[in-house]
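Dear colleague,

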Amino acid sequence: MKIRMLRALSPPRAWLAIAMACTGILALACVTQSPAGPGPLATVTVTPNATLSINATQQFVAVGTDANGAVVPISPAWSVAAGGGAIDNAGLFTAGTVPGTYTATVKAVSGSTSGTATVTVIIGSLATITVSSDPVTLAVNGTQQYTAVGTDAGGNVIAISPTWSVVANSGTISSTGLYTAGTVAGIYPSTVRATTAGIAGTATVTVTAGSLATIGVSTDPGTVPSNGTVQYVAVGMDGFGNIVPLSPTWSVVGGGGTISTTGVFTAGATSGSFPNTVHAVSGSITGSATVTVGAGALATITVSANPSTLSINGTQQYTAVGRDASGTIVAISPTWT
């Protein structure tokens with residue numbers, strides 16, 4: 001009778017009546033009506049859909065449910081289906097180094113049922129700055145436009161606005177990276193610097209001498225004995241005193257001797273000073289040196305008067321003149337006997 005009455009009630013009121021009846025004679029029937037646990041696995045849900053920087057990690061979770069939404073315990077097999085990184089057996093995902101959106105890439109499989117999650121990989125933090133051109137060779141006061149490219153640990157480009165500077169006193173640089181070389185030639189390692197957020201990139205500059213401005217010839221003045229030789233050297237310089245390599249043409253223009261193509265001067269037999277007689281020429285630039293030709297080694301002594309005739313006890317002043325092999329007078333202080 002009670003069962004017939006319960007069937008006649010509306011569903012909500014019927015369940016209320018059943019619950020009240022569980023304290024009476026229908027307790028055994030109530031036990032047989034209680035849930036028996038979740039049904040077969042119907043869905044696997046993977047969370048979260050994540051946005052990660054390159055190389056960042058994320059723990060993914062997979063939850064199984066039956067057709068009614070009841071939780072079904074599972075131990076899924078994890079995999080990455082569409083790239084974007086790697087995942088271990090416990091669901092710990094490590095993002096790769098290529099930015100992008102990887103739809104349904106994280107996959108959890110239990111039996112024939114699977115679930116997925118989407119990962120978006122974004123560029124990481126600034127790791128390196130590369131300055132170009134590097135290295136570069138410029139003449140004094142030459143200019144070079146430099147650029148700086150920032151990248152993350154995976155080599156992905158990051159837009160930066162670096163602060164430019166020059167170390168080692170090699171020149172100057174503008175706020176936009178336009179470098180002007182200094183006036184002292186040399187190699188300046190890592191002198192151009194671009195800095196952002198404590199990260200710096202550098203470039204090396206080699207500054208070379210400018211165009212030839214002067215030629216210095218040594219020895220100037222030089223004193224050479226008659227018929228003697230001396231090696232002359234020509235040094236080219238730019239307008240800032242930097243040495244410029246050169247191979248000059250040698251000549252003697254004002255007497256005093258001759259000179260070879262390699263700058264070896266041979267004095268003549270005539271002593272004297274020969275101003276700016278040695279010339280070294282390169283292009284339109286000329287350097288010169290003065291030569292003084294002096295006496296050579298003592299070769300002869302001439303005594304005069306010779307002969308002389310004297311009376312008894314008479315006197316005669318004698319003089320001695322020294323000369324080198326070319327007849328050039330050599331000053332002497334002889335010993336008389």
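Two strands are said to pair if DSSP finds at least two bridges between them, and the strands themselves (E, at least two residues), like the helices (H or I, at least four residues), are DSSP runs numbered from the N terminus. This is a predicted model, in which local features need pLDDT of at least 70 and side-chain atom pairs count only at pLDDT 80 or more, while totals for chains, interfaces and linings use all residues. Residues are numbered from 1 along each chain as its sequence is written, and side-chain values use heavy atoms, with hydrogens and water left out.

With those terms in hand, strand β4 (residues 61-65) pairs with β5 in the antiparallel sense over 2 bridges, and Gly-64 stands opposite Val-72 in β5. Both strands belong to an open sheet of 3 strands in the order β1-β4-β5, with antiparallel pairing. Because β1 (43-47) and β5 (71-72) each have a single partner strand, they stand at the edges, and one side of each is left without a neighbour in the sheet.

Elsewhere, Ala-104 lies in strand β9 (residues 100-110). Its relative accessibility is 30%, so Ala-104 counts as partly exposed, a class that falls between buried (under 20% relative accessible area) and exposed (over 50%), using a 1.4 Å probe and protein chains only. Leaving aside residues up to four places away in sequence, Ala-104 touches Ala-81, Thr-116, Ala-117 and Thr-118, where contact means heavy atoms within 4.5 Å.

For the protein chain as a whole, the secondary structure comes to 3 helices and 33 strands, and buried residues make up 32% of the 337 residues.

Best wishes
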